[in-house]
Amino acid sequence: MIQVVYVSSQESQEIHVWKLDNLGKLALLQILDVPGLVQPMVIHPNKTNLYVGIRKLFGIISYLIKEDGTLRQVGKASLPGNPSYISTDKRGQYLFAASYTGNCISVSQIQHDGVVTEPIQYINELITPHSANIDIGNQRLLVPCLKEDLIRLFSFNVNGQLTPYMQKSVNTTTNSGPRHIAFHPNGKYAYCIKELDGTVDVLAILENGSQYHIIQTIDIMPISFSGMPWAADIHITPNSQFLYTSERSASMLSIFKIAEDGSKLSVIGHHPSQVQPRSFNIDHSGHFIISACQQSGNIAVHKINQSNGKLRTLAIYPVGKNPVWVSILAS
């Protein structure tokens, strides 16, 4: 398996492209200048394109992923607001963009050549939506709205249209700040990290997805922590055994064991990182985490212990200023 790691650095307006080997070592393939403040990224499900959200310019750039993993720009389209998070549906036909500052989400079509077009729909009057997360069945979009303390639910149809779902939202704890979501592959559970109180909610997905209900809330912070949490990202390993979160106040990754059926999380421990880890991702073998540390201007490679989920930092690599997103391609 060949894996390529893409890291966006907002302030220096760059994407660093790295090849990841099976020992966790990175080799630099490309440094790409981006015309704007680059932030969220997502890879097309067919592994043909990388999409990049550009802040202030309110745009999406489509890149062709070449055979060696390097990038070539093939398209550009507008968005209704600064993109905080982008994702695609499971078929790779539509791109969703959440705008935290624009208080909206949008849907854009992806053409057969992999290029994103202008938005075909946008929904306003959401208060600080932070991500857009399509469910395992490709039928519902979950949108955590940080300052509303709500996860809003939308039905998604084959024509790319979003409509409010019959269960319009899930209420989270007051002043908790729901942010990002990871789904268990069995489609029965989802995990939402909350930025402001430093916790994760476990959501049971009931009656074939017709209901979402919080069944557990667990703290990502050590007992000794006494400051204000600033949680960021969440991912689970490909084998669904472990869940990881990033937190920027204490600069650490937290480690959780996932129950076999996905219904419960248990704390394993906490691993220190460089200053202010925001985005991170898990490689497709489930052996490594690559984390982007905003204040250090570096990315770190951590090895996952396959038996207990604990981490060991292997190496630190310099990237651009304010690295904010990590995406990983496997081919």
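Author: Ser291 has Ala300 as its bridge partner in E26, and this pair belongs to an antiparallel pairing in which strand E25 (residues 288-293) and E26 are joined over six bridges. Strands here are DSSP runs of at least two residues, marked E, while helices are runs of H or I with at least four residues, and both are numbered from the N terminus; two strands are said to pair if DSSP finds at least two bridges between them. The model is a predicted one, in which local features need pLDDT of at least 70 and side-chain atom pairs count only at pLDDT 80 or more, whereas totals for chains, interfaces and linings use all residues. Residues are numbered from 1 along each chain as its sequence is written, and side-chain values use heavy atoms, with hydrogens and water left out.

The hairpin of E25 and E26 has four residues between the strands, and within this hairpin Gly297 takes a positive phi near 70°. On its other pairing, E26 is joined by seven bridges to strand E27 (residues 311-318), again in the antiparallel sense.

Strand E20 (residues 231-236) is mostly covered, with six of its six residues buried, and E20 pairs with strand E21 (residues 242-247) in the antiparallel sense over four bridges. Ile236 stands opposite Leu243 in E21, and in this hairpin, which has five residues between the strands, Ser240 takes a positive phi near 65°. Strand E18 (residues 199-206) and strand E19 (residues 211-219) run antiparallel and are joined by eight bridges, with Ile205 opposite Tyr212 in E19. Four residues lie between the strands of the E18 and E19 hairpin, where Glu207 takes a positive phi near 50°.

Two further loop residues deserve a look for their backbone angles. Asp149, in the loop between strand E13 (140-145) and strand E14 (150-156), has a phi near 55°, which is positive in a residue other than glycine, and Asp149 counts as buried because its relative accessibility is 10%. Gln276, in the loop between strand E23 (265-272) and strand E24 (277-282), is not a glycine either, yet has a positive phi of about 65°, and at 12% relative accessibility Gln276 counts as buried.

Ser8 lies in strand E1 (residues 3-9) and is buried, since its relative accessibility is 0%. Leaving out residues up to four places away in sequence, Ser8 touches several residues, among them Glu14, Val38, Met41, Asn322 and Trp325, where contact means heavy atoms within 4.5 Å. Ser331, in the segment after strand E28 (323-330), is exposed, with a relative accessible area of 59%, and with the same exclusion of sequence neighbours Ser331 touches Met1 and Ile2.

Widening the view, the chain has zero helices and 28 strands. Its radius of gyration, 18 Å, is close to the 20 Å that the globule rule gives for 331 residues, so the chain is as compact as a globular protein of that length; the radius is taken over C-alpha atoms, and the rule is 2.2 Å times the number of residues to the power 0.38. Along the principal axes, the C-alpha atoms fill a box of roughly 45 × 45 × 35 Å. Of the 331 residues, 60% count as buried, and among contacts between residues at least 6 apart in sequence, 47% join residues at least 24 apart.

Notes
Buried < 20%, exposed > 50% of the residue type's maximum accessible area, 1.4 Å probe, protein only.
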